[in-house]
Amino acid sequence: MPSLVLAHTRYQVIEQIRVPIGLLASGLFPAIAMLAFAVPFVGDDPVASTLSMGSMMLVGAMSAALMGLSISVAMDREQPFNPYLRTLPAGPFPHFAGRILTTTALMVVSTFPVILVAGLFTEADLAPARLAAIVGAALAGSLPFMLIGLFLGLVLPSKAAIAVSQILFFPFAIVGGLMLPPQVMPEFLTAISPYVPSRGGGELVWWAGTGAAPDTLALVVLAGWTVVAGAAAAWAYRRDEGRRFT
């Protein structure tokens with residue numbers, strides 16, 4: 001079984017490399033945003049630029065998790081080859097696990113352009129241990145977005161998944177304090193910010209980047225979103241399986 005998972009992962013990674021537009025969108029958008037909005041204002045401040053770097057790395061990981069996974073899963077379901085995979089002795093698990101591993105790899109790769117911008121134009125802390133901690137925090141903070149993306153991909157056609165994932169992504173990024181620091185957001189956004197999962201993810205990467213104590217409420221809410229999104233994704237998977245075999 002592990003060899004089958006790796007085979008599917010390899011195939012999907014090659015498929016992504018051949019059509020790299022999704023990877024480019026996930027990695028370049030946060031890098032460009034940091035170049036335009038963080039470098040001119042906080043580039044010479046080590047703490048602020050490290051916080052900005054962490055926020056943009058999380059934005060890239062969220063994009064790959066939410067939009068990338070929802071669209072790829074929805075497109076998989078529409079392919080004639082997908083029902084055939086489910087009839088094979090190994091079942092759908094290797095292909096499904098390969099999709100999750102591929103998405104995780106894309107989430108990691110999406111952080112590289114941000115790191116490059118931070119290294120070239122800011123005083124951000126780029127110590128290897130610090131970067132590893134921030135990348136790990138970004139992956140952990142993106143878990144509910146991966147589950148939400150999985151849910152959307154299992155219940156929506158690909159065209160709808162594209163639209164809905166984009167509609168969800170930008171409000172999450174803004175309200176979570178990733179595009180603007182929570183301290184300068186309008187009061188009504190500051191009030192609701194701890195209740196969106198992106199704020200909890202932001203608290204994790206800011207903690208990993210600077211050691212600042214995370215907001216406990218935001219972390220509890222992040223865990224709640226993860227549980228609910230996981231339950232929704234599991235329900236959608238069982239529903240999709242049931243529809244294909246009835």
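Is T111 buried or exposed? Hold that thought for a moment. One caution comes before anything else: this is a predicted model. Everything I say today is about that model.

Now, T111. T111 sits in the loop between α5, residues 93-109, and α6, residues 112-121. Its relative accessibility is 1%. Buried means under 20%, so T111 counts as buried.

Compare another loop residue, V184. You will find V184 in the loop between α9, residues 158-175, and α10, residues 187-192. V184 has a relative accessible area of 55%.

Next, the helix α3, residues 46-78. How many residues does α3 have? It has 33. From first C-alpha to last, α3 reaches 47 Å. That is close to the 48 Å expected at 1.5 Å a residue. Where does α3 bend? Look at G68: the bend there is about 30°. Now look at the start of α3. There, a side-chain oxygen of D45 comes to within 3.0 Å of the backbone nitrogen of V47. And the surface of α3? This helix is mostly covered, with 25 of its 33 residues buried.

V108 belongs to helix α5. Its relative accessible area is 26%, so V108 falls in the partly exposed class. G136 belongs to helix α7, residues 128-141. G136 has a relative accessible area of 35%, so it is partly exposed too. How far apart are the C-alpha atoms of these two, G136 and V108? They are separated by 8.9 Å, and the residues are 28 apart along the chain.

Rolling a probe the size of a water molecule over the atoms shows where empty space is left. I will take the second largest pocket. Its volume is about 540 Å³. It is lined by 26 residues. Which of them are closest to its centre? They are L51, S52, S55, G177 and P181.

Which helices supply the lining? At least two residues each come from α2, residues 21-42, from α3, and from α11, residues 197-210. The largest share is from α2, with six residues. By class, the lining has 20 nonpolar residues, four polar and two charged.

T111 is buried. Thank you.

Methods: Residues numbered from 1 in each chain as written. Predicted model: local features only at pLDDT ≥ 70, side-chain atom pairs only at ≥ 80, totals over all residues. Heavy atoms only, no water. 1 Å grid on protein atoms, 1.4 Å probe; cavity = no way out; pocket = protein on both sides within 12 Å on 5 of 7 lines; lining within 4 Å. Points joined across faces, edges and corners; volume = space filled by probe spheres on them. Helix = DSSP H or I, 4+ residues; strand = E, 2+ residues; numbered from the N terminus. Nonpolar A, V, L, I, M, F, W, Y, C, P; charged D, E, K, R; others polar. Expected span 1.5 Å × (residues − 1). Bend = angle between axes of the 7 residues up to and from the residue. Buried < 20%, exposed > 50% of the residue type's maximum accessible area, 1.4 Å probe, protein only. Polar contact = N/O pair within 3.5 Å; in protein donor to acceptor, adjacent residues only side chain to side chain.
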